[in-house]
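My entries follow in the order of looking.

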Amino acid sequence: MSHFTDLDSYLFGQGTHYDIFRKLGSHKGTKDGKKGYYFDLWAPHARMVHVIGEFNGWDEGASPMEMVSSEEVGVWECFIPGAEKGQMYKYLIDGSDGGKHYKADPYAEYAEKRPGTASILWETGGFAWTDRAWMKKRENSEPYYENPMSIYEVHPGSWMRHPGTGDEGFYSYRELADRLVDYVTEMGYTHVELMGISEYPYDGSWGYQVTGYYAPTSRYGTPQDFMYLVNAFHKKNIGVILDWVPAHFPKDDYGLADFDGEPLYEYQDPRKGEHPDWGTKIFDYGRTEVKNFLIGSAINWAETYHIDGLRVDAVASMLYLDYGKQAGAWIPNKYGGNENLEAIAFFKHINSLMTGRYKGFVMIAEESTAWPKVTTDVDHDGLGFSYKWNMGWMHDFLDYMQLDPYFRKDNHNKMTFAMSYNEYEKYILVISHDEVVHLKNSMINKMPGDEQEKFKNLKAGYAYMMCHPGKKLLFMGQEFAQTHEWDENRELSWYELENPLHLGIQNWVRALLHVYRKYPSLWEQDINWNGFEWINANDSYRSIFSFVRKSKDGKRNILFVVNMTPVEYADYRVGVVSRKAHTLVLDSEDSEFYGQQKENIRKKKNYIPEKKPCDGRDYSIGYPLAGFGAALFSFDY
């Protein structure tokens with residue numbers, strides 16, 4: 001009996017074989033009383049296929065495969081007795097173009113360490129998960145958007161490295177479980193987003209040109225080692241999000257490109273099937289087996305590795321047929337438009353499936369345009385994503401923060417504009433790796449002024465980000481104001497924490513993160529005006545912003561004030577919406593943040609509103625607001 005059955009063939013042809021990764025690829029089994037491995041491969045255009053590997057001495061004729069499905073589906077299979085876990089293999093495809101193609105297994109669970117390109121026989125079962133409490137908590141987290149989310153974006157290969165060791169000194173998954181998990185927990189993040197986990201050949205792509213959609217990269221260890229890392233995060237109540245790249249794939253000859261002698265995973269017509277700027281192939285979202293391959297990858301990360309969410313890369317490039325293409329170099333859809341209708345259908349399918357099947361699982365769109373309803377339910381004609389990266393907020397925020405404070409008064413709206421569209425989507429405010437690489441400068445070096453002013457500016461900016469509606473994401477190294485741009489070939493500049501200025505920024509970010517988690521007013525009503533009220537959005541001349549974040553129960557609300565110029569105000573007066581005491585929760589001028597705390601005027605913690613009209617309110621409080629100072633007050637209604 002074939003390992004790949006008629007039912008498998010039918011479901012795969014329909015694009016709804018959600019366990020496809022349990023059938024295609026290599027799987028341990030027994031046939032005619034002999035133990036070995038089944039090999040199943042989708043290659044409908046192939047004239048013949050052989051399995052070659054360590055188990056047969058890489059003999060190109062030793063292990064021919066047979067077609068076990070209809071030719072229309074095109075699945076090949078063979079069983080190799082004696083094949084063992086850990087052995088390397090590839091497929092030798094006699095392609096429709098008459099050539100020989102040596103291909104890695106698209107469904108491989110493990111891969112040879114780069115620069116090698118072979119697949120490795122493996123078994124992903126048997127890991128002793130101990131994260132039941134986390135998984136149960138995640139299931140009961142609906143509605144997910146009423147929970148805190150502060151994400152630490154990490155490139156594992158350059159977060160921290162061993163000095164003077166081989167292979168660039170990479171920390172293994174298990175070593176990261178010892179160091180990274182504790183760091184993320186201590187800092188106060190709720191989630192980590194890991195870059196470059198799906199197997200990929202070229203370090204410089206950071207993991208965004210994937211060849212192994214089912215395999216954690218072997219750079220840092222085995223699949224079970226990666227499970228160990230995820231499990232360790234979960235035991236500390238940290239969610240794990242992976243970057244996931246269904247937008248395109250590289251042209252490496254052992255990968256998916258022209259897989260069986262002609263386009264298979266990509267669109268046939270290069271006007272639809274290639275990204276000219278990126279030099280990569282575009283998946284054929286109209287082909288059911290290709291969609292099933294991608295959906296199976298997402299399911300595999302959720303089920304096999306207990307991943308809590310996927311950040312979907314380059315969504316805009318999938319939605320628009322003319323993305324990055326010149327006039328005449330793309331094909332309109334059947335209505336003459338530039339929307340990729342097949343990609344839209346794919347998103348609706350996978351998003352409804354993943355968020356419906358796995359409670360608390362999140363699908364995050366890195367979408368940089370004004371495409372409507374990205375996070376609206378599919379039932380209401382949306383794409384069904386859980387969150388969208390707020391790229392508009394990010395660009396406006398960085399544009400403003402880089403300005404000399406003198407010119408900020410003329411650009412005040414850059415910091416207030418995001419609230420005019422906040423209700424349209426469920427947003428994540430992001431400062432990602434893309435903003436601190438390739439001559440864009442690190443966050444600290446984007447800031448204007450002398451050294452002291454740069455750090456004050458950054459503290460003010462981070463405070464604004466953490467208190468503004470929307471979930472949060474900050475790329476590694478920026479939490480302690482790393483001076484140099486991110487470089488994937490070196491670890492973060494941890495030595496800079498010996499400098500009180502850098503340590504002060506790290507302390508400030510930690511304090512903001514812990515306050516963020518502690519006060520529901522900062523996250524439970526992110527997506528509507530019930531949770532936000534401007535106190536003064538129009539104080540452009542002084543470049544001061546003040547607003548309130550509101551809780552559902554009216555308790556422990558937050559009044560936020562930030563000064564974006566170096567001008568001090570000994571008794572800055574701000575209007576209040578409650579006559580109850582306002583308790584100072586955080587002050588950027590505290591000495592632990594390397595501020596210039598003046599103890600004689602800053603010992604006061606409780607501020608009682610006075611009947612002094614200000615900002616259109618009858619009552620107000622007076623507070624010594626430093627240049628570039630930020631303050632958070634808690635109050636009840």
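Ground rules. I note that this is a predicted model, in which local features need pLDDT of at least 70 and side-chain atom pairs count only at pLDDT 80 or more, while totals for chains, interfaces and linings use all residues. Residues are numbered from 1 along each chain as its sequence is written, and side-chain values use heavy atoms, with hydrogens and water left out.

Helix 10 and helix 14. I took helices (H or I, at least four residues) and strands (E, at least two) as DSSP runs, numbered from the N terminus. Helix 10 covers residues 391-401, and it packs on helix 14 at about 155°, the axes being 11 Å apart. Axes here are lines fitted to C-alpha atoms, for helices over the stretch in contact, and angles run from 0 to 180 degrees between N-to-C directions. I listed the contact residues (heavy atoms within 4.5 Å): Trp-393, Phe-397 and Met-401 from helix 10, with Asn-457, Gly-461, Tyr-464 and Met-465 from helix 14. By class I get five nonpolar, two polar and no charged. Nonpolar means Ala, Val, Leu, Ile, Met, Phe, Trp, Tyr, Cys and Pro, charged means Asp, Glu, Lys and Arg, and the others, Gly among them, are polar.

I found eight strands closing into a barrel in the order 9-10-13-16-17-18-19-20, with parallel pairing. From one strand to the next the twist averages 25°. Strands pair if DSSP finds at least two bridges between them. Strand 19 (residues 427-431) and strand 20 (residues 471-475) have four bridges in the parallel sense. I looked up Ile-431 and found Leu-474 in strand 20 as its bridge partner.

Helices on the strands. Helix 14 (residues 451-467) lies across strand 19 and strand 20, at about 145° to strand 20. Helix 9 (residues 341-357) lies across strand 13, strand 16 and strand 17, at about 145° to strand 17.

Helix 1 and helix 7. Their axes come within 6 Å and cross at roughly 95°, and the two helices are therefore roughly perpendicular. Leu-11, Phe-12, Gly-13 and Gln-14 of helix 1 meet Thr-288, Glu-289 and Asn-292 of helix 7. I count two nonpolar, four polar and one charged in this contact.

Salt bridges. I find 36 salt bridges in the structure (a side-chain nitrogen of Lys or Arg within 4 Å of a carboxyl oxygen of Asp or Glu). One joins Lys-23 to Asp-8, with the closest N and O atoms 2.4 Å apart. Lys-23 sits in the loop between helix 1 and strand 1 and Asp-8 in helix 1, so the pair ties together parts 15 residues apart in sequence.

Backbone. I checked Arg-114 to Pro-115 and found a cis peptide bond, omega near 15°. Pro-115 is in the loop between strand 7 and strand 8. Glu-142 and Pro-143 are also joined by a cis peptide bond, with omega about -10°. Asp-32 has phi near 55°, a positive value in a residue other than glycine; Asp-32 is in the loop between strand 1 and strand 2.

How values were computed
Parallel < 35°, antiparallel > 145°, perpendicular 65-115°, else oblique.
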